[in-house]
Amino acid sequence: IGTVPVGRVETGIVKPGMVVTFGPTGLTTEVKSVEMHHEALQEALPGDNVGFNVKNVAVKDLKRGFVASNSKDDPAKEAANFTSQVIIMNHPGQIGNGYAPVLDCHTSHIAVKFGEILTKIDRRSGKEIEKEPKFLKNGDAGMVKMLPTRPMVVETFSEYPPLGRFAVRDMRQTVAVGVIKSVEKKDPSGAKVTKSAAKKK
């Protein structure tokens with residue numbers, strides 16, 4: 001029957017006949033069918049854990065952490081960098097520029113570099129306390145520009161909440177949590193569009 005990725009609908013719907021783009025690679029194909037608990041669905045809604053059959057896509061073309069999205073409506077793209085509001089909860093030392101922990105965001109688990117700590121802010125009011133602080137420590141909150149070390153899809157919390165919040169993991173624990181305020185995206189270059197997707201354009 002082809003390849004059947006499995007995942008949770010986070011926002012919007014997925015239904016047969018839809019053309020979807022997988023971020024971060026930009027692979028585009030048609031959804032042939034959608035099923036939940038081995039029953040075919042006419043459409044799947046947020047919260048549904050579904051399998052959906054896609055045509056002409058090899059299993060190796062998809063990985064955990066990829067995001068399927070409507071190709072005609074703000075499709076998911078690779079993030080070049082993103083700016084987040086981060087609260088440090090549980091770190092024994094100081095976190096400075098260049099810190100590279102693992103981010104757990106939706107189903108992706110990718111090392112991300114703290115490229116630049118832009119500001120230290122008051123946790124409650126969000127007001128800026130200090131510009132370009134040298135480091136953040138427990139209890140501090142700050143705005144941080146982050147650089148993924150591998151292709152990754154994230155979105156702003158305001159637009160797509162489930163794709164815009166994350167946990168920062170290091171030393172086998174959660175050292176910080178954050179929400180994404182802005183994302184700079186890359187345009188996919190030379191991404192594969194399957195024949196069935198091209199027909200639907």
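This is a predicted model: local features need pLDDT of at least 70, side-chain atom pairs count only at pLDDT 80 or more; totals for chains, interfaces and linings use all residues.
Let me start at the place where the two domains meet: across the interface of domain 1 and domain 2, the rule finds three residue pairs in polar contact, with both residues of each pair at pLDDT 80 or more. On the side of domain 1 that touches domain 2, the residues divide into three nonpolar, three polar and four charged. Although charged residues are present on that side of domain 1, the count of salt bridges across the interface of domain 1 and domain 2 is zero.

The protein chain has an average pLDDT of 93, and 95% of the residues score at least 70. Confidence is highest in strand E13, residues 141-148, at 98, whereas helix H1, residues 195-200, has the lowest, with a mean of 69.

Going back to the overall layout, the domain assignment places domain 1 at residues 6-77 and domain 2 at residues 79-185, and the centres of the two domains, taken over C-alpha atoms, are separated by 28 Å. How many residues of each domain are in contact with the other? Ten from domain 1 meet 13 from domain 2, and the area buried between the two domains comes to about 1,000 Å², with carbon and sulfur atoms giving 61% of that area.

In the loop between strand E2 (19-23) and strand E3 (27-36) we find Pro24, and the peptide bond leading from Gly23 to Pro24 is cis, with omega near 10 degrees. The other point is His37, in the loop between E3 and strand E4 (39-41); His37 is not a glycine, and yet its phi is positive, at about 50 degrees.

Key: Residues are numbered from 1 along each chain as its sequence is written. Side-chain values use heavy atoms; hydrogens and water are left out. Domain bounds come from an automatic or database domain assignment. Contact means heavy atoms within 4.5 Å. Buried area is the accessible area (1.4 Å probe) that two parts lose on being put together, summed over both. A salt bridge is a side-chain nitrogen of Lys or Arg within 4 Å of a carboxyl oxygen of Asp or Glu. A polar contact is a pair of N or O atoms within 3.5 Å; within protein, one must be able to donate a hydrogen and the other to accept it, and residues adjacent in sequence count only if both atoms are side-chain atoms. Ala, Val, Leu, Ile, Met, Phe, Trp, Tyr, Cys and Pro count as nonpolar, Asp, Glu, Lys and Arg as charged, and the others, Gly among them, as polar. pLDDT is the predictor's confidence in each residue, from 0 to 100. Helices (H or I, at least four residues) and strands (E, at least two) are DSSP runs, numbered from the N terminus.
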